[in-house]
Structures are given as C-alpha cells and as structure tokens.
Amino acid sequence: MQRKIITTADGSKTIQIEEWNEQYHSLHGAIQEANHVYIKHGLLFCYDQKSLSNETLEGSVQNISILEIGLGTGLNAFLTLLQADEHQIDIYYTGVEAFPISSNEMAALNYPETLRVPEKTALFEEMHKIPWETDKRLTSYFILHKQQKLFKDITDKDRFDLIYFDAFGARVQPELWTTSIFKIMFDALKSGGVLVTYAAKGSVRRAMQSVGFGVEKLPGPPGKREMLRATKHST
C-alpha cells in the first residue's frame, strides 16, 4: 500500500496510508497524542504506581518492561527513551511490528528536531537500524528489542508491566481489536499490568472486559474525547 509522509497539527510528521485514509498518528498532533496516551497515562502512571508500592531497584531506579503493539515510526519508543533517561527508569522495551518502515521514511521523520533534542537524532536513527530479535542498549536506562511478526503470534506470558496498544484503527483493521487479540495482551501482562490505547469504542472496551481487564475511560488527546486504560487486576 502507498505510504506518504505528512505533517500533523503540532508540526511533527507521521505516515499516511492513502488507500485507507489512515495515519500512524493523530492528525491533531503526532507527538501530542503519543505523549498524552502512552507517556502520561501509560509510562508515568506505571512509574507512579511502582513508586507508591516501593517496587524499586538500586535506590531510585525502577525497572519497567514495555510491549508496544505497532512499533511503526518509533515515536512512542523514542519518547519513552527520553523519559527513561530523565526519570532514571530502567526500561526494557519490546516493539512488535509486522511491516517496518523504510530507511527513507525514517529519514523524513522529524521527531528529534520537533522535540528540540537534535543531539538525539543518531539515537532515533539507531533505533530503526538495529537488528531484529536482538537486545540493544541505547542508553544507560533503555534497552530495545524489536520483533518482526504479527500481533497474533505473540506468546509471552506474565512478562510486561505495560502495553502500548497502538495498532491501526478498528475501522480499517477490525481483526486487531478482537477478544482473541486482547486475550493475548492480557496473558502477556504481569498481574497488575496496564494496557493503554488511543481507542475508546464500546466494542473495544467490551472485548477488553470479556478477557478479564478492568477498563477505565480517560480524557483523550487533542481531537479525541476519550481513550482507554485497561488493568490486569491481581487475583
């Protein structure tokens, strides 16, 4: 399918699939959306929860394992890397992507520039260039492991603290928002683990609840009224 680079409302780039009229990120702002959904209501929420329960390693350093469903442009991973260094959170990040972007597409993205960290450009590029199925420590606090496969082929059990569920929307890929997929996500999370997504459809919420998630609606990013956060409650 044809993909092209477009500019979103906050000046950051994203990729559009013309045939679907679907974007990798919100047209209202790629960085704004990612920061709101995945960093504020995902990573920093988990960081605060771990702080409250005193689950710390080596003093103030905390260990959080993250699974991203749809590595895509690498924006969520890059923002997480920046937060890991800022807050001294030891993060092991697994990014699953069935159809990686090209080197030309990667070069056209402007995230380090837009985030005013041009000195991190080489890190962003390295994220895309490292081999698949290999652990790579990119900073003192951030390890990336990329997996090229379909989401339905994930087999991890009780492994992750947090899932960024950033698949294409149910309008164009409804098979990614089903009970069977959310059962895979539920199983992959540790007890007390959290899944966050930009989606807020009733059918998505019900699919999450049907596999055992407790689901809450939260205010959405710019241009979207609500989003969802799901928790695998301790039993």
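Visitor: What should I know about the numbering and the confidence limits?
Guide: Residues are numbered from 1 along each chain as its sequence is written, and side-chain values use heavy atoms, with hydrogens and water left out. In this predicted model, local features need pLDDT of at least 70, side-chain atom pairs count only at pLDDT 80 or more, and totals for chains, interfaces and linings use all residues.

Visitor: How is a pair of aromatic rings described?
Guide: By the distance of the centres and the angle of the planes. Here, rings of Phe, Tyr and Trp (its six-membered ring) pair if their centres lie within 6.5 Å; planes under 30 degrees apart are stacked, over 60 edge-to-face, and the rest tilted. That rule gives 12 aromatic pairs. One of them is Tyr38 with Tyr164, tilted, at 5.2 Å centre to centre and 50 degrees between planes.

Visitor: Which elements hold Tyr38 and Tyr164?
Guide: Tyr38 is in helix H1 (residues 30–52) and Tyr164 in strand S8 (residues 160–165), so the pair ties together parts 126 residues apart in sequence. Helices (H or I, at least four residues) and strands (E, at least two) are DSSP runs, numbered from the N terminus.

Visitor: Are Tyr38 and Tyr164 buried or exposed?
Guide: Buried means under 20% relative accessible area, exposed over 50%, and partly exposed in between (1.4 Å probe, protein chains only). Tyr38 is buried at 1% relative accessibility, and Tyr164 is buried at 0%.

Visitor: What is the geometry of Phe78 and Phe124?
Guide: Their ring centres are 5.4 Å apart and their planes stand at 70 degrees, so the pair is edge-to-face. Phe78 belongs to helix H2 (residues 75–87) and Phe124 to helix H5 (residues 121–129), 46 residues apart. Both Phe78 and Phe124 are buried.

Visitor: Where does a charge sit over a ring?
Guide: The test is NZ of Lys or CZ of Arg within 6 Å of the ring centre and within 35 degrees of the ring normal. Lys146 has its charged end over the ring of Trp132, 4.6 Å from the centre. Arg229 does likewise over Phe45, at 3.6 Å.

Visitor: How many residues are in the largest nonpolar core?
Guide: A nonpolar core is a set of buried Ala, Val, Leu, Ile, Met, Phe, Trp, Tyr and Cys residues joined through side-chain atoms within 4.5 Å. The largest has 78 residues, and Phe165, Trp177, Phe182 and Leu195 have the most contacts inside it. H1 gives the most to this core, with nine residues.

Visitor: In what order do the strands form the sheet?
Guide: Strands of a sheet pair through backbone hydrogen bonds, either parallel or antiparallel. Here two strands pair if DSSP finds at least two bridges between them. Eight strands form an open, mixed sheet, ordered S6-S7-S5-S4-S8-S9-S11-S10. Strands S6 (135–139) and S10 (214–219) are at the edges with a single partner strand each, so one side of each is left without a neighbour in the sheet. Strands S9 (residues 189–197) and S11 (residues 226–231) pair in the antiparallel sense over four bridges. Val196 stands opposite Arg229 in S11.

Visitor: Which residues have a positive phi without being glycine?
Guide: Most residues other than glycine have a negative phi. Gln88 has a positive phi of about 55 degrees. Gln88 lies in the loop between H2 and S5 and is partly exposed, at 33% relative accessibility. Asp158 has a positive phi near 50 degrees, and is found in the loop between S7 and S8.
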